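Me: I have a model open and would like to go through a few local details with you. Could we take them one at a time?
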Amino acid sequence: MAYMAVVLALLALVGCSRSGSAGAEDLEQARDAYSKGFYLEAEKGYERYLQVEPQGKFRKEAWERLSEIAVNIKGELDRAVVLLEAMYLELGTDPDEAWRIMNRLGDVYSQLGNLTKAVESYEKCLVHAAGNPERMCQTQMRMAKLYRAMGNYDLVTATLSNCADAAPNNESKAKCLYELAQSYSFISNWSQSKRAVDTLLDLPDVSDETRALSIFLLADIYENERNYAKTRELLESIRTTYPNPKVVETRLANLPDAGVEEEKPGPPPDMDDPPAQDPEPAGEGI
């Protein structure tokens, strides 16, 4: 009997909690539908919750689920933009939440191909990331890739240089320098690319993968200079640490022998000699 009394009391509490919140039932149904993969049903439930619970404590969850369904389930990126911008208006007073929302919005705009709007979103991210070097670095890396896609290499190099200077640790600094070196290589500025890689390789506490990627890029630079001996030495050093060892093996197999310059075609035979003159016919000129 005591056990039944406890159960009845708990049920009464649950009933009170349901009746005490206008959107509680909608929220529970939305959660249940989402957990079972019924995303359209979940979407409707979360939308109803937002409508009837203007001060609800689970509004953040509802916004996040709706934006997730729009992006990952339905592929409705334009709808995701509207949801994230509304979410930002409501929750953007919290710098932590504001950074997350703008970071997600920047990614959605990037997928839509609206690079200008994506950059604007990441610029807001930088404001909300003040005092958080890790987030500052992450945001600057994303902005630099957008600038690179837009062909603005002045902003690319400036952004990545700032990223490297403000990085919270050597691994983050190395990633900024690697992107900087790669960006210089895209515009054939090999000297600046090499300088960035050399700075990176002098850093301690850098992961094997980041170091291997950087050495591979350095090998590209030396191969461009036709220094095949140095190129081979660098590639040999990352046989086991490069993320895709087969790529290294292929590069080594196709690399010219050290010290051998590519043969340049010579002139056709006898081109340096004057053309032979036909002998005058006997008796000509008499």
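Me: To start with, where is the place of R226?
Reply: R226 sits in the loop between α12 (208-224) and α13 (228-237), where helices are DSSP runs of H or I with at least four residues, numbered from the N terminus. Before going on, note that this is a predicted model, in which local features need pLDDT of at least 70 and side-chain atom pairs count only at pLDDT 80 or more, while totals for chains, interfaces and linings use all residues. Residues are numbered from 1 along each chain as its sequence is written, and side-chain values use heavy atoms, with hydrogens and water left out.

Me: And what is the phi of R226?
Reply: R226 has a positive phi of about 65 degrees, although it is not a glycine. Most residues other than glycine have a negative phi.

Me: How exposed are S188 and R226?
Reply: S188 is partly exposed, at a relative accessible area of 47%, and R226 is partly exposed as well, at 36%; buried means under 20%, exposed over 50% and partly exposed in between, with a 1.4 Å probe and protein chains only.

Me: Switching topic, at what angle do α4 and α6 pack?
Reply: Helix α4 (residues 59-73) and helix α6 (residues 95-112) pack at about 15 degrees, with their axes 12 Å apart; axes are lines fitted to C-alpha atoms over the stretch in contact, and angles run from 0 to 180 degrees between N-to-C directions. That makes α4 roughly parallel to α6, a label given to angles under 35 degrees.

Me: Which residues make that contact?
Reply: From α4 they are K60, E64, S67 and V71, and from α6 they are E97, R104, V108 and Q111, with contact meaning heavy atoms within 4.5 Å.

Me: Take S67 then, is it buried or exposed?
Reply: S67, which lies in helix α4, is buried, with a relative accessible area of 2%. Leaving aside neighbours within four places in sequence, S67 is in contact with L83, L84 and R104.

Me: Last one, which residues of α2 are buried?
Reply: In α2 the buried residues are A24, D26, L27, A30, A33 and Y34. After this helix comes G37, whose phi is positive, near 85 degrees.

Note on methods
Helix = DSSP H or I, 4+ residues; strand = E, 2+ residues; numbered from the N terminus. Parallel < 35°, antiparallel > 145°, perpendicular 65-115°, else oblique.
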